[in-house]
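Biologist: I'd like to learn how to read aromatic rings in a model. Can you walk me through it?

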Amino acid sequence: MHSLPIQNSMHQPKRMNIRHRPSPASAMAALALALSSASFASGFVTPSHSSSLTIPGANPLRSAISSTRLRNSRHLQMAINGDTPDPSSASPDAKLFDEYISVEDAAKQPDLRAATRTLKNHPDMSLPRDRFQRIFDAIEVRTSEAEENDVSNRATLDMSQAQQYPPVSPSRNEMTELYDALADAGHLQLFGAAGRKDRPLPAMGSKVVTPTLLEQITEMEMLALTPKPTNTFLIGGIILAVAEGFLSLSTGIDLNFLVLCTITLAFLDKLLVNGAVSETAMRTVMPEYRKKILRHEAGHFLCAYLLGCPVEGCVLSSWAALQDSRFGGRATTVSAGTSFFDRDLSEEMNGQRPLSRSSIDRYSVIVMGGIAAEAINFGRADGGAGDEMALVRFLSSINPRGGGAVAWDSERIKSQARWGALQAVLLLRTYKASYDALVDALERGGNLGECIYAIEKAATDSGEKPLEKPLGYIAEKGLYGEWSDVPPSAATNQYAKPAATVTAPVTEVTTTGAAVDDKEDVSTSLSELRKAAEQRLKEINEELEALEKSKRS
């Protein structure tokens with residue numbers, strides 16, 4: 001596996017060639033190799049869609065949702081903004097809304113479009129926790145039973161493959177509209193809290209981030225944000241090989257026979273259930289492994305949510321991915337993932353409009369969210385090499401098309417990866433209470449509704465709100481760049497102008513040409529600078545007034 005670290009040099013993990021011999025040492029190596037072949041890289045999944053007919057009632061997710069609801073029924077009476085249910089929750093409109101989001105009838109799908117229309121017509125409708133969670137149950141069922149989930153026509157993005165954007169994704173568009181309606185009605189305070197609707201990102205200004213500047217802002221070494229190759233399955237294979245060696249000596253069973261059986265079982269495990277058995281054994285032996293996967297996925301989840309990209313599901317094991325058509329179902333290669341949807345990027349990749357820099361930036365931040373989460377929580381990112389490669393493939397497919405556009409060469413890609421990692425670190429730190437609540441919900445096996453509820457309730461309790469101004473500004477000054485809380489002037493603030501078109505396919509992906517919209521970047525930059533200047537002038541006026549009052553007194 002090749003990995004492009006976000007520091008200045010490229011590295012490739014060493015590959016070990018192991019030869020099989022009829023000896024304990026060779027048996028250990030053989031077993032380690034066999035288990036390594038069944039290993040997986042934890043990544044995240046963006047919705048890769050396709051078209052087929054999913055039979056209603058055959059979806060295991062409906063049963064899982066019902067079980068979760070029964071388990072948590074005694075906790076579902078508290079609303080996010082209060083414990084007392086609103087009388088309007090029993091109104092005719094509310095009852096009709098409940099019918100639209102019902103997942104009890106396996107013969108029909110939830111009607112997200114009708115639910116959105118009802119919510120827009122009655123924005124003051126009460127959403128106690130039970131109804132709030134059933135909305136997201138409906139989203140999970142609708143997207144999991146969508147026609148475009150057929151694995152024969154989809155390319156699942158598991159950080160080793162790229163995404164295939166369908167011409168039309170009705171279920172995801174309905175989901176996006178429902179998320180937006182909930183946010184407009186004030187039920188989702190943190191959805192799109194940064195980088196959407198004129199809200200800034202944590203770091204504004206230049207998008208050129210050097211390793212030195214990244215270390216200065218994040219107060220972390222570059223090494224912490226550079227995924228390292230994991231030897232988890234190699235170590236596990238060696239441990240198991242040693243155990244088999246002792247078993248052979250104590251029972252007299254031929255060691256070669258044990259090794260052959262282990263290799264066969266590992267192969268069948270990978271072939272039939274995507275290595276789920278090996279993964280379960282590894283999680284049992286190494287609990288820390290599960291914690292890293294959980295926090296990694298929570299990083300992707302929260303970054304997508306904060307940037308206004310609807311999340312439709314999250315799985316933390318191969319067993320869960322096998323039962324979820326959004327992650328490939330029985331044909332999956334996914335072992336852990338977060339499925340989100342960016343309608344703007346999907347439409348742009350399909351050539352419906354020019355590819356915007358804001359879409360590229362959102363994707364970059366979400367991809368790097370898992371690496372950032374691991375670095376913050378464990379001091380170093382173990383997983384995420386596949387995340388980087390997904391970003392590299394995506395950016396490499398964008399080619400300049402005249403007008404002085406700058407190509408996405410190796411150095412620029414690495415700078416974009418560092419920029420994405422920086423934004424992700426700042427987002428996760430700014431919304432730490434929400435992140436911790438999300439981790440807790442995922443750890444308890446919470447579904448989508450419980451995770452969103454945990455995020456929003458933690459934000460309410462801790463006072464976390466959407467960003468009103470950036471945490472700082474990046475200026476291209478000096479040798480390594482400068483980080484300041486004062487916005488740079490329009491003359492010194494430089495934004496990249498990647499007028500580009502996506503012409504080359506990304507591995508198995510077929511994309512249509514899409515030019516990057518430079519006017520959007522320039523307009524956004526000037527708007528941000530104007531707002532920052534107005535804010536600064538307001539602060540100066542307040543300081544002057546305070547000085548005048550102090551002189552008079």
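Modeller: Keep in mind that this model is predicted. Start with charges over rings: Arg-412 lies over the face of Trp-408, 3.8 Å from the ring centre. Lys-292 does likewise with Phe-378, at 5.6 Å from the ring centre.

Biologist: And rings with rings: how many aromatic pairs does a search of the whole structure find?

Modeller: Six. For each pair, look at the distance between centres, then at the angle between planes. Phe-136 and Tyr-179 are 5.5 Å apart centre to centre with 70° between the planes, an edge-to-face pair. Phe-136 sits in helix H5 (residues 129-144) and Tyr-179 in helix H6 (residues 170-184), so this pair links distant parts of the chain, 43 residues apart.

Biologist: Which way does the pair of Tyr-179 and Phe-191 go?

Modeller: Their planes are at 40° and their centres 4.9 Å apart, so that pair is tilted. Phe-191 is in the loop between H6 and strand E1 (203-205) while Tyr-179 is in helix H6, so the pair ties together parts twelve residues apart in sequence. Ring pairs also join these residues into a cluster: Phe-132, Phe-136, Tyr-179, Phe-191, Tyr-305 and Tyr-453.

Biologist: Are Phe-136 and Tyr-179 buried or exposed?

Modeller: Both are buried, and Phe-191 is buried too. The general idea is that nonpolar side chains tend to be buried together in soluble globular proteins. Here, the largest nonpolar core has 102 residues, and Phe-136 and Tyr-179 are among those that touch the most other members. Leaving aside residues up to four places away in sequence, Phe-136 touches Tyr-179, Leu-182, Leu-188, Leu-448, Gly-449 and Ile-452.

Key: Residues numbered from 1 in each chain as written. Predicted model: local features only at pLDDT ≥ 70, side-chain atom pairs only at ≥ 80, totals over all residues. Heavy atoms only, no water. Core = buried A, V, L, I, M, F, W, Y, C linked by side-chain atoms within 4.5 Å. Buried < 20%, exposed > 50% of the residue type's maximum accessible area, 1.4 Å probe, protein only. Contact = heavy atoms within 4.5 Å. Phe/Tyr/Trp six-rings, centres within 6.5 Å; stacked < 30°, edge-to-face > 60°. Helix = DSSP H or I, 4+ residues; strand = E, 2+ residues; numbered from the N terminus. Lys NZ or Arg CZ within 6 Å of the ring centre and 35° of its normal.
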